[in-house]
Amino acid sequence: MTTATAPKTAPAPSAELAQLAAAHGLTLSGARPSLPRYVAQLWDRRHFVAAYATARMQATYSTAKLGQVWHLVTPLLNAAVYYFVFGLAMKASSGVPDYLPFLITGVFIWDFIGSSINAGTRAVHSNLGLVRALHFPRASLPLSTVVQLFQQLLVTMGALVILLLAFGQTPGPAWLLAVPTLLLMAVFAAGCAMIMARIGSKSPDVSQLMPFVLRTWMYSSGVMWSIDQIHRTGDLPHWVLTMLKLNPAAVYIDLMRFALIDSFEAHSLPHHVWPIAIGWALLAGVGGFVYFWKAEEEYGRG
């Protein structure tokens, strides 16, 4: 009596195709590349990021008669409102020398940070058609929003310099510190934008909450009032003041004020401020990039 042997099962067609694709270096469409390869792909798309950012900037106010003048007018109008509400009505200007330069600098810097994070929240979800139609590093989208806003910031910084000169500020070597401050702030904002882009891609309703979150953050960042003044009066517990001083937005705003405003230059900048600014930039920039990259293959699904 012979024993029948079971016939060998032929490999499934899908398995054969997978082996054939692997043999010729083909990968799954939309699969997440390695982190070094992802960085290289993103660098290859740097011209797209810049062009997309420029196109977005030109389109933002294309229907307005004043066009891109609104990039400058909007923060100035905000500064005027904050001056009357906080500076005059609530006496936040008391004990703060050069309050108008102090306020305008804070408003301009916060406008970039807040706008970058808010725009990053919608960067992927509002471009789902592009994400589903084309293959490219999805980090290009939140980064392009930050590049766009950074281009606007450079324009407003030129106007800020003119305003500071009009208010009697004198240029000095400390003004050069504005350059590394801008770079660190841009890295921090880009990292935060990528974090919020991943969150916003899965939970679009987050974008509805962001204006309230950002407004609360702005009020706690010393944009309209001086954290040092509160520290001198001792009105808040020490741990609250420590949290306020470690606030990344407050750190970058204070660095810019120290660089550009005479009354800030008169006081020595605490030695820990620059390490904190660099630390926040690295934490948000590197951490935000890796966090966004880990979900690369999920964007556009559903």
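**Close-up 1. Helix α5 gives the largest share of the lining of the largest pocket, namely nine residues.** In this predicted model, the largest pocket holds about 600 Å³ of space, and its lining is made up of 30 residues. Besides α5 (99–121), the elements that give two or more residues to this lining are α4 (70–89), α7 (140–166) and α9 (206–219). The residues that lie nearest the centre of the pocket are N78, W110, D111, G114 and S115. Rolling a probe the size of a water molecule over the atoms is a way to show where empty space is left.

**Close-up 2. A nonpolar patch on the surface is formed by V81, F84, V85, L88 and M90.** Taken together, these five residues have about 470 Å² of accessible area. One of them, V85, lies in helix α4, an element that also gives two or more residues to the lining of the largest pocket. V85 has a relative accessible area of 37%, and it therefore counts as partly exposed, a class that runs between the limit of under 20% for buried residues and that of over 50% for exposed ones.

**Close-up 3. E298 and K202 form a salt bridge.** Side chains of opposite charge can pair when their charged atoms come close. In the pair formed by E298 and K202, the closest N and O atoms are 3.9 Å apart, and a side-chain nitrogen within 4 Å of a carboxyl oxygen is what the rule for a salt bridge asks for. E298 lies in the segment after α14 (273–293), whereas K202 belongs to helix α8 (residues 178–202), so the pair ties together parts that are 96 residues apart in sequence. Both partners are partly exposed, E298 with a relative accessible area of 30% and K202 with a relative accessible area of 48%.

**Close-up 4. A salt bridge joins the side chains of R257 and D254 within helix α12.** The count of salt bridges in the model comes to two, and in this one the distance from N to O is 3.8 Å. Because R257 and D254 are three residues apart in helix α12 (residues 248–260), about one helical turn separates them.

Key:
Residues are numbered from 1 along each chain as its sequence is written. This is a predicted model: local features need pLDDT of at least 70, side-chain atom pairs count only at pLDDT 80 or more; totals for chains, interfaces and linings use all residues. Side-chain values use heavy atoms; hydrogens and water are left out. On a 1 Å grid over the protein atoms alone, a cavity is a set of points where a 1.4 Å probe fits but cannot get out, and a pocket is an open set with protein on both sides within 12 Å along at least five of seven lines; lining residues have an atom within 4 Å of a point. Grid points are joined across faces, edges and corners, and a volume is the space filled by probe spheres set on the points. Helices (H or I, at least four residues) and strands (E, at least two) are DSSP runs, numbered from the N terminus. Patches are made of residues with over 30% relative accessible area and no salt bridge: like charges are joined within 9 Å, nonpolar side chains (Val, Leu, Ile, Met, Phe, Trp, Tyr) within 5 Å. Accessible areas come from the Shrake-Rupley method with a 1.4 Å probe; for residues, only the protein chains shown count as cover. Buried means under 20% relative accessible area, exposed over 50%, partly exposed in between (1.4 Å probe, protein chains only).
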